[in-house]
Amino acid sequence: MPVCTALNDDQFKLLDAYWRAANYLTIGQIYLMANPLLREPLRPEHIKPRLLGHWGTSPGQNFIYAHLNRLIKLRDASVIFVSGPGHGGPSLTANTYLEGSYTEIYPSITRDAEGMRKFFRQFSSPGGISSHAGPHVPGSINEGGELGYSLLHAFGAAFDNPDLIVACVIGDGEAETAPLEGAWKSIDFLNPVRDGAVLPILHLNGYKISGPTTLARHSNEQIRKLLEGHGYQVYIVDGDDPFTMHREFAATLDQCYAAICAIQHDARTNGFSHRPIWPAIVLRSPKGWTGPKIVDGKQIEGTFRAHQVPLDKVKENPEHLKMFEAWMRSYRPGELFDVNGRLVPELQAMGPVGIRRMGANPHANGGLLTISLDIPSFTDYAIPIEMPGNTKVESTRPFGAMLRDIFKRNEKQQNFRLFCPDETNSNRLGDVFEVENRCLVSHIENFDDHVSPTGRVMEVLSEHCHQGWLEGYTLTGRHGLFASYEAFAMIVDSMVAQHAKWLKTCRTELPWRRPVPSLNYLLTSTCWRNDHNGFSHQGPGFIDALLTKQGIVSRIYLPPDANCLLSVADHCLRSRGYINLIVIDKQMHPVWLDIDSAREHCARGASNWRWAGNENGIQNGQDPDLVMACAGDVPTEETIAAAWLLRKYLPEMKVRVVNIVDLMTLFTPENHPHGMDEDAFADLFTTDKHVIFSFHGYPGAIHEIIHGRPNPDRFHVRGYVEEGTTTTPFDMLVLNRASRYHLCIDALKRAPHFEARARELIEKTEEALAAHRKYIAEHLEDMPVIRNWRWTPS
């Protein structure tokens, strides 16, 4: 094991003292509400009534943070700290308090005795701060409560950040998760010429909440082989004696930094030649290191019992109180803080200053560094039409051309990437390959298609990787789009939930967090047109997942055609601080609106398409007999076809067609910023007429959204009801009772003024459904009357 010779014994003692100060502040946050510097004997009233927090991981993270500070100060390096075990939140707040970045953001938490008292009291307390490394913690881009995402965030932050080092602490519990396991592949996408570096630090402390971790039970040699297999040069620091560990870890960190610099210098001087062997550190240290060793006859340090609060009866148990005070005093606070409670000058001098402090590095507050995308006018990619619906295109292909030019116009800024799980061509976005390549820094064959180490189209068959990379990329101030098959977006449901919480907290509580570029989804290969792939590929549930998120950050768009997609995408790519979900299919679909009409429609969010309905002769202020509403491309076509059939066979029935592109407009204004007021809602849907609603997703979503609107029971929603197989496109609609014929039947059943004629027409539609079933069984495709249908005016 290498031993650092650059520092003498006195300097190592100072480094150890800084670590002790961080440990002291960490424990104080978990336990104390008064007497922060132990200037008087501890009494029960100094202890918080509820002891919350995670001690076990914290001393190891404090150790790493102190050593990174030494490296930063010595090398003037730009480093951010990603805490995988972010549940050890008090260690991050302790370190940012020591370096001063915490007080700069929260001036009431002063760097003295009174400020320390407030600092301790607020932790995990009502009206205070949460216990994890959330957005309230300066320098954090990884909350770490839900484990598994740290290494992905780290690589996302490093992409296109050539001068940044991301130190990523990976807990051994976190290392058991699927996203983290997949994240090791990120090394195959990191280009040392144009990207920064990620230094993984696998922290093996042995235990989760109540059981051992799998990797910690492996030998050092097994761990070394595992990480070497992923492509790393592995450095292992293993022990529990602080002085020895300081020397070994300092030497290891110096070697890793030298290796990073050598890799980058070679690549940036001589050009990229091969995937580097990047350094990685394995730190083995006891869980709850330096904490109580034995409590009530049970071992604490080095076991699962140190995970959260190792002494949990301090307030009521005098013996525990005595042990706790001895533990706190073991860090010798009198040597660390002066009479006023300030960190002594020689320890203050140990840390970096200004933006080199990890809590003040602007890359961890990415809105400070965001440069707006240079976006061409979306009207340049418009599909011209002469009549609604008579032109058909692959809806996402014009957007692919727009993405191509976004790459081209932002080549110098290098602040945009497309993330897509091996589906860029499949999703009709392949025009990007005219100017950009797929990224891969491993071996490339001469027959590979548009694959290069310089590419910014990120393709790996892991939705977790794309979600995590894009989060890290946007949180550090850059822009991106995640395009995926609709059914498989659900894989990252939990990840987007965590990101939504982060954005919501930043927007409502943390004005110092500057707005970052939005996280944008394009979901295509949708349930209605995955008829060829079958049931496994049919699922619109991601809409429901995003509907549960607070309206302050969530947006859902269902553009009905290619021109509306261009307008919506332009808006989303320019936005800040949102999660934007766009759902549209990639297959050939009608274009209903010219580009000017599309822009106006998308700006409103919902419109009465008078040309598609049958409201001729209705006077101003009068209502139609029925409203037919639609949201989504396939539901729009079915609704327009149903309205067309009704106009043809029952022209005396007055039908209004309403299209919704911004799903959030259906909410009340109290529930979403985009929600329509009551007058606007009534103008579109009336106050009492039946509404036949054709929806892209699960019908229950619409009933949830319109809750609180007048007479919501009049809305009759057709959508995906979990019926699917490998079949024809139209049969998918029939199976889910969402076809144009089912919509007609629903409309006719709710047309009391036309009861006799309605019965006859219902029979005709049922005959058409029977004919459909017979035809597809014989011909294996949809009937010509369906395949060749085009809208025509009256």
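Modeller: Pro279 in S5 is the bridge partner of Gln233. The model is predicted, with local features needing pLDDT of at least 70 and side-chain atom pairs 80 or more, while totals for chains, interfaces and linings use all residues. Numbering runs from 1 along each chain as its sequence is written, and side-chain values use heavy atoms, without hydrogens and water.

Colleague: What makes S4 and S5 a pair?

Modeller: Two strands (DSSP runs of E, at least two residues, numbered from the N terminus) pair if DSSP finds at least two bridges between them. S4 (232–238) and S5 have 7, in the parallel sense, so they count as a pair. S3 (197–204) and S5 are also parallel, over 4 bridges.

Colleague: Why is strand S5 called mostly covered?

Modeller: Buried means under 20% relative accessible area (1.4 Å probe, protein chains only). In S5 (278–284), 7 of 7 residues are buried. Trp278, Ala280, Val282 and Arg284 point one way, and Pro279, Ile281 and Leu283 the other.

Colleague: Which residues line the largest cavity?

Modeller: Lining residues have an atom within 4 Å of a point; among them are Leu68, Ile165 and Tyr257.

Conventions: 1 Å grid on protein atoms, 1.4 Å probe; cavity = no way out; pocket = protein on both sides within 12 Å on 5 of 7 lines; lining within 4 Å. Buried < 20%, exposed > 50% of the residue type's maximum accessible area, 1.4 Å probe, protein only.
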